[in-house]
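Thanks for coming. Please put the sequence and the structure up, and I will go through them.

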2 protein chains.
Amino acid sequence: MVKKIHHIGIAVKNMDETVKLYTKMLGSKPVSTMEIPGPKIKITNFQVGETALEFLEGPAGSSIADFIAAKGEGLHHIAVETDDIAAELKKLAAAGVKLKDKEPRPGPEGKIAFVGPEGAHGVTIELVQPEKK
Amino acid sequence: MVKKIHHIGIAVKNMDETVKLYTKMLGSKPVSTMEIPGPKIKITNFQVGETALEFLEGPAGSSIADFIAAKGEGLHHIAVETDDIAAELKKLAAAGVKLKDKEPRPGPEGKIAFVGPEGAHGVTIELVQPEKK
């Protein structure tokens, strides 16, 4: 079952400038920062209600830089939180959505899987099943 | 003050197909549908937690059709809910974000104003101040 919008992924060119601007715009500081080690993608999260704005910056050749080259900076994906990611993946495959990840894989906060944008009307969707704490 | 992500706007080519697919994917039916009379933009909302997914379809020449021609179907804007839209507009202008609407205007559920994507790292943002009920 889909419970909430966990975060909205936004591809940007310059994280430092972005963080300065959105700190002013939102009136709050980032709640977390991290770097994905392999592709060296920098991540900064701001919290807005129950949803994070997840800003993403990546080096040349990364999926984020490729996205920006093709479409420009901006909205990249939405992440929905579920309590059963395996069941959601089966349901999405049955509905004709292309699975980038056929099986859930470890993410920063639990299990994740990316689907679409093919078969999902242009929307790249991340499924997130947070670890039970 | 920014309170939550009110909705996420998604531009699509075929509303009927989109509604069928997302009804399956989300396991819930749309919570509302409407049509903006002037530009004849069709809107269908699904609710996910405190945020709506707002699907938008427009005829040739509409802003929605133009967006799809330039970037393809997909994520179009995010809407943040505020309790003081006039104050937010001033703050955004001071931060260097381009205001599409210099003043709030009436929207389906209260006052709205669009800003960006220029000056907001590629993100088109709608401010929403719901009517008090």
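P117(A) sits in the loop between β7 and β8 of chain A. The element names come from DSSP runs numbered from the N terminus, with helices being H or I of at least four residues and strands being E of at least two. The peptide bond that runs from G116(A) to P117(A) is cis, with omega near 0°. That loop between β7 and β8 of chain A also holds H121(A). H121(A) is not a glycine, yet its phi is positive, near 55°.

Before going on, the ground rules. This is a predicted model, in which local features need pLDDT of at least 70 and side-chain atom pairs count only at pLDDT 80 or more, while totals for chains, interfaces and linings use all residues. Residues are numbered from 1 along each chain as its sequence is written, chains are lettered from A and ligands numbered from 1 in the order in which they are written, and side-chain values use heavy atoms, with hydrogens and water left out.

Now chain B. G116(B) and P117(B) are joined by a cis peptide bond, omega about 0°, and P117(B) is found in the loop between β7 (110-115) and β8 (125-130) of chain B. What does K100(B) touch, not counting residues up to four places away in sequence? The list is F114(B), V115(B), G116(B), P117(B) and T124(B), where contact means heavy atoms within 4.5 Å. K100(B) itself belongs to the loop between α3 and β6 (105-107) of chain B.

Next, the interface. Chain B and chain A each bring 40 residues to the contact. The area buried between them is about 3,100 Å², with 68% from carbon and sulfur atoms; buried area is the accessible area (1.4 Å probe) that two parts lose on being put together, summed over both. On the chain B side, M25(B), L75(B) and H121(B) lose the most area to chain A, together 23% of what that side buries.

How many salt bridges cross the interface of chain B and chain A? The rule, a side-chain nitrogen of Lys or Arg within 4 Å of a carboxyl oxygen of Asp or Glu, finds 0 there. There are 8 residue pairs in polar contact between chain B and chain A, both residues at pLDDT 80 or more. A polar contact is a pair of N or O atoms within 3.5 Å; within protein, one must be able to donate a hydrogen and the other to accept it, and residues adjacent in sequence count only if both atoms are side-chain atoms. Elements giving two or more residues to the chain B side that touches chain A include β1 (2-11), α1 (15-26) and β4 (51-57) of chain B.

Over all chains, the whole structure has 8 salt bridges. One pair with a salt bridge is E57(A) and K42(A), at 3.9 Å, N to O. That pair links distant parts of the chain: E57(A) is in strand β4 (residues 51-57) of chain A and K42(A) in strand β3 (residues 41-48) of chain A, 15 residues apart.
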